[in-house]
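Dear colleague,

Please find below the structure that I am handing over to you. My notes on what was found in it follow directly after.

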Amino acid sequence: MSRIKRIFIANRGEIAVRIIRTARALGIETVLGVSEADRDSLGAQLATRAICLGPAPAPESYLKVATVIEAALGTGCDAIHPGYGFLSENKALAEACAKEGLVFIGPSPENLDAVGDKLTARSHAEAAQVPLVPGGSVETVAQAEAIAGDVGFPMLIKAVAGGGGKGMKRVDRAEDLASQIDMAMSEAQAAFGDGRIYMERFVTVGRHVEVQIISDGETVLHAGERDCSVQRRYQKVVEEAPAPNLPEALRDGLRAAAVAYARHIGYRSLGTVEFLVDVERGAFYFLEMNARVQVEHPVTEMVTGLDLIALQISIAQGDKLTIAQDDIRFTGHAVECRLNAEDPARDFMPSPGRVTQAWFPWMPGLRVDTHMQPGAMIPPYYDSMVAKLITHGSTRAEAIANMARALDVCVLDGVTTNAGLHRAIMADPGFAAGGVDTAYLAGLLPGLDKESAA
């Protein structure tokens, strides 16, 4: 396969800037597809060239496969990088790239098929002998009642095509099962155009731990795990690597299971296998595989020294991995805080607007991934994340201390952010102890006054 010379970036915000940074280091030109709202973005300024895909709403620009393909071909690109979100796991885009002779910097359409449907992904996990949360697919209330009878309450209903908590319902009592199934199906249909659901045991004390996979289709490596248990309404808020306070046998089991899953489906690219760790049972269960680069990939880069985007590009152009598992060494600890333009005092309502000041000073152990600069406009059409603060330390305590200092010195004025919430998390003894579960943040929030969380 010929070398990639010009990449079309089908994304926006900080991930677009992140891809441009690595592409520049590799001597690769970049063309950034932007909406009308992002014409003056930092990514548009840094890319070799920017081209408008259409109006601000994502369905009219960033989510139009035919427009993205046409723009990539029209600007002489030989590859497309979809980042995360938007079209990153869209099989139609991957197939269109193959048809038009463009390199899709991601997995194959077959890989996307294998993991894109949660029921199919679960069947692959079963075939690969990767543990699954007890449960199954549901089409009728009678089926749901049978599963609940076998597994026991509480149960969790999930949308097959879901993500971000949509179509997800907890059921604690048999008498609520029918109504919650109806609500979950309706919500899933409205959000994803797919009303299929499945049910599984609700793990009362669970941690969200994921494993980074790097595979060239033959050699499958892991780059350690990340703990993403600090969540609000199933959306990640803080991530860290490695996962703290995990028994080593459990850590080894997670990593081996992720490699086994990727090897079973013949995976090729970067990917992340997500697990639910059942703290009370000392067990772990497969959740899903994300066939793309993750928002939280920088914490893995900070503890391994790898450039995951560079590896993703290398694999996409047909290179074989030149590293072995033993070459991936883990040094220290890293923490990432997602800085969002939102108001915690108003139930985390998005806070779009113009940034009057953006100052992220250099300090030891700090990395900032952002597209913010003074005068930048945060439009109301997209995800509210505006920056990721990532800190590293020789110990977890040092990484947390570095994050606390970074939150105090970094400045983003003109809009309201969740920086205060992150300060509260970093100062909380429960978080400092390590190993919080996914209910942690919901328990912390009521104890914070609205001023300190803002």
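P154 sits in the loop between α7 (141–151) and β7 (155–159). In this predicted model, the peptide bond that leads from F153 to P154 is cis, with omega near 0°. P242 belongs to the loop between β12 and α9. As background, most peptide bonds are trans, and most residues other than glycine have a negative phi.

The loop that holds P242 is also the place of N245. Although N245 is not a glycine, its phi is positive, at about 55°. N245 counts as exposed, with 53% relative accessibility. Q129 is a further residue other than glycine with a positive phi, in this case near 60°. Its position is in the loop between α6 and β6 (135–138), and at 72% relative accessibility Q129 is likewise classed as exposed.

Strand β12 covers residues 235–241 and includes Q235. Is Q235 buried, exposed or partly exposed? Its relative accessible area is 41%, which places Q235 in the partly exposed class. Q235 and G165 are separated by 70 residues in sequence, while their C-alpha atoms are 7.6 Å apart in space.

I turn now to the sheets. Strands of a sheet pair through backbone hydrogen bonds, either parallel or antiparallel. Strand β2 (residues 29–35) has 6 of its 7 residues buried, so it is largely enclosed by the rest of the structure.

Antiparallel pairing is found around β13. How many bridges link strand β10 (residues 206–216) to β13? The two strands pair in the antiparallel sense over 11 bridges, with I213 standing opposite G271 in β13. β13 also runs antiparallel to β14, to which 7 bridges join it; one of the pairs is L276 with Y285 in β14. β13 and β14 form a hairpin with 4 residues between them, and G282 in the turn has a positive phi of about 65°. Of the 11 residues of β13, 10 are buried, and the strand is thus mostly covered.

In helix α5 (residues 109–116), the buried residues are P109, N111, L112, A114 and V115. The elements that cover them include α4 (91–100), β5 (103–104), α6 (118–127) and α9 (248–264), together with β13 (268–278) and β14 (283–290). Helix α13 (residues 419–427) is mostly covered, with 7 of its 9 residues buried. These are A419, G420, L421, H422, A424, I425 and M426.Finally, some values for the chain as a whole. It has 16 helices and 23 strands. The radius of gyration is 21 Å, close to the 22 Å that the globule rule gives for 454 residues, so the chain is as compact as a globular protein of that length. Taken along the principal axes, the C-alpha atoms fill a box of roughly 60 × 50 × 45 Å. Buried residues make up 57% of the 454 residues. Among contacts with a separation of 6 or more, 67% are between residues 24 or more positions apart. The chain exposes about 18,100 Å², of which carbon and sulfur atoms supply 51%. There are 43 positive and 57 negative side chains, and the centres of the two sets lie 3 Å apart.

With kind regards

How values were computed:
Residues numbered from 1 in each chain as written. Predicted model: local features only at pLDDT ≥ 70, side-chain atom pairs only at ≥ 80, totals over all residues. Heavy atoms only, no water. Rg over C-alpha atoms; globule rule 2.2 N^0.38 Å. Buried < 20%, exposed > 50% of the residue type's maximum accessible area, 1.4 Å probe, protein only. Contact = heavy atoms within 4.5 Å. Areas by Shrake-Rupley, 256 points an atom, 1.4 Å probe, with all protein chains shown as cover. Lys, Arg positive; Asp, Glu negative; His and termini not counted. Charge placed at Lys NZ, Arg CZ, Asp CG, Glu CD. Pairing = 2+ DSSP bridges.
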